[in-house]
Amino acid sequence: MGCFTFVKLMMVLFNLLIFLGGLTLLAMGIWVSVDGSSFLQLLGPFSSQAMQFVNVGFFCIAIGAVLVLLGLLGCCGAHKESKCLLLTFFSIILIIFIAEVAAGVVALAYSSFAEGILRAWATPALQKDYGSDPVVTKIWNSTMTELKCCGFTNFTDFVGSEFEKENGGRLPPSCCWTNSAPCTAAEAERSAVQGCFEHILQNLKEHANVVGGIAAGIGVLEIAAMIVSMYLYCHLDNRVS
């Protein structure tokens with residue numbers, strides 16, 4: 001039983017780290033969402049570069065909550081030797097792993113299909129919610145400012161939008177190179193600012209090795225977590241018998 005005890009201990013410690021990391025991410029996400037200005041003041045000279053983090057507070061909250069749940073399930077399941085908790089932990093990790101693999105396959109093999117899915121989400125948001133929804137507006141403003149891009153495809157995403165109608169035919173300043181004059185559709189067409197999707201795609205291609213390495217590392221950790229949890233789950237029957 002020495003091997004079982006060692007694996008059980010490693011499972012508890014590993015999931016304890018996941019729980020603490022998720023708790024930290026959850027707290028940071030709540031902080032930057034509720035009081036982003038004080039968070040930026042804490043960063044001092046790095047506040048301008050970190051401005052985009054204020055806009056992903058809800059993302060941090062979601063990821064942090066998932067990590068806290070996984071950490072609790074894995075830690076309690078191993079410590080209490082609960083087959084139900086271990087099986088739940090395994091199932092959640094398996095679902096996340098399958099979703100990640102499916103997303104990777106779609107992104108690599110069906111890039112045009114993935115673009116269509118993203119466009120189906122982004123274009124209506126720009127047409128209807130940009131300028132009226134504070135969260136959507138803040139996310140897109142930060143993205144367009146940091147990446148120096150305009151819309152999902154280009155400035156045409158804002159043509160006919162609620163934002164354009166409410167602002168007398170003006171588009172977001174990021175859609176024009178000359179920020180001094182009002183950014184109209186004609187000026188945006190002359191500026192030919194690249195869409196954010198193409199810009200992000202170029203950045204991903206330039207850093208494909210880093211992205212691939214991170215994805216592979218996460219995949220290995222998930223597979224290891226599933227193997228260990230299933231080992232403990234199956235070994236509990238032997239202990240009982």
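Q: What makes up the largest nonpolar core: how many residues does it have, and which have the most contacts inside it?
A: In this predicted model, the largest nonpolar core has 21 residues. Those with the most contacts inside it are Tyr130, Trp140, Met144, Phe158, Cys175 and Ala188. Helix H6 (111-129), helix H7 (134-147) and helix H10 (196-206) each supply at least two residues of this core. Apart from it lies another core, of 16 residues, among them Met11, Cys75, Phe90 and Leu236.

Q: Why is Met144 called buried?
A: Its relative accessibility is 1%, and buried means under 20%, so Met144 counts as buried. Met144 lies in helix H7.

Q: Which residues does Met144 touch, leaving out those up to four places away in sequence?
A: Met144 touches Tyr130, Cys149, Cys150, Gly151, Phe158, Pro172, Ser174 and Cys196. A contact requires heavy atoms within 4.5 Å. The C-alpha atoms of Met144 and Gly195 are separated by 8.8 Å, although the two residues are 51 apart along the chain.

Q: What does Cys175 touch beyond residues up to four places away in sequence?
A: Cys175 touches Cys150, Phe155, Phe158, Cys183, Ala188, Ser191 and Val193.

Q: How do you know that Asn15 is buried?
A: The relative accessible area of Asn15 is 0%. The cut-off for buried is under 20%, so Asn15 is buried. Asn15 has its place in helix H1.

Q: What does the side chain of Asn15 reach, and what makes this a polar contact?
A: The side chain of Asn15 reaches the backbone oxygen of Met11 at 2.8 Å. The limit for a polar contact is 3.5 Å, and the 2.8 Å of this pair falls within it. Not counting residues up to four places away in sequence, Asn15 also touches Leu70, Gly71, Gly74, Cys75 and Phe89.

Q: Why is Leu20 called partly exposed?
A: Leu20 has a relative accessible area of 44%. Buried is under 20% and exposed is over 50%; the 44% of Leu20 lies in between, so Leu20 is partly exposed. Leu20 is placed in helix H1 (residues 2-34).

Q: Which residues make the nonpolar surface patch, and what area does it have?
A: The patch is made by Phe6, Leu9, Met10, Leu13, Leu16 and Leu20, and has an area of about 540 Å².

Q: What makes the pair Glu81 and Lys8 a salt bridge?
A: The side chains of Glu81 and Lys8 meet with an N to O distance of 3.1 Å. The rule asks for a distance within 4 Å, so the pair counts as a salt bridge. This pair links distant parts of the chain: Glu81 is in the loop between helix H4 (57-80) and helix H5 (83-109), while Lys8 is in helix H1, 73 residues apart. With 27% relative accessibility, Glu81 counts as partly exposed.

Q: How many salt bridges are there by this rule?
A: The count comes to two. Arg190 forms one of them with Glu187, with the closest N and O atoms 2.7 Å apart. Arg190 and Glu187 both lie in helix H9, three residues apart, about one turn of the helix.

Q: Are Arg190 and Glu187 buried or exposed?
A: Arg190 has 61% relative accessibility, which is over 50%, so Arg190 counts as exposed. Glu187 has a relative accessible area of 17%, which is under 20%, so Glu187 is buried.

Q: Where is Ala192 found, and what is its phi?
A: Ala192 is found in the loop between helix H9 (185-191) and H10. The phi of Ala192 is near 55°, a positive value in a residue other than glycine. With a relative accessible area of 58%, Ala192 is exposed.

Q: How many helices and strands does the chain have?
A: The chain has 11 helices and zero strands. Buried residues make up 30% of its 241 residues. Of the contacts with a separation of 6 or more, 63% are between residues 24 or more positions apart.

Technical notes: Residues are numbered from 1 along each chain as its sequence is written. This is a predicted model: local features need pLDDT of at least 70, side-chain atom pairs count only at pLDDT 80 or more; totals for chains, interfaces and linings use all residues. Side-chain values use heavy atoms; hydrogens and water are left out. A nonpolar core is a set of buried Ala, Val, Leu, Ile, Met, Phe, Trp, Tyr and Cys residues joined through side-chain atoms within 4.5 Å. Buried means under 20% relative accessible area, exposed over 50%, partly exposed in between (1.4 Å probe, protein chains only). Helices (H or I, at least four residues) and strands (E, at least two) are DSSP runs, numbered from the N terminus. Patches are made of residues with over 30% relative accessible area and no salt bridge: like charges are joined within 9 Å, nonpolar side chains (Val, Leu, Ile, Met, Phe, Trp, Tyr) within 5 Å. Accessible areas come from the Shrake-Rupley method with a 1.4 Å probe; for residues, only the protein chains shown count as cover. A polar contact is a pair of N or O atoms within 3.5 Å; within protein, one must be able to donate a hydrogen and the other to accept it, and residues adjacent in sequence count only if both atoms are side-chain atoms.
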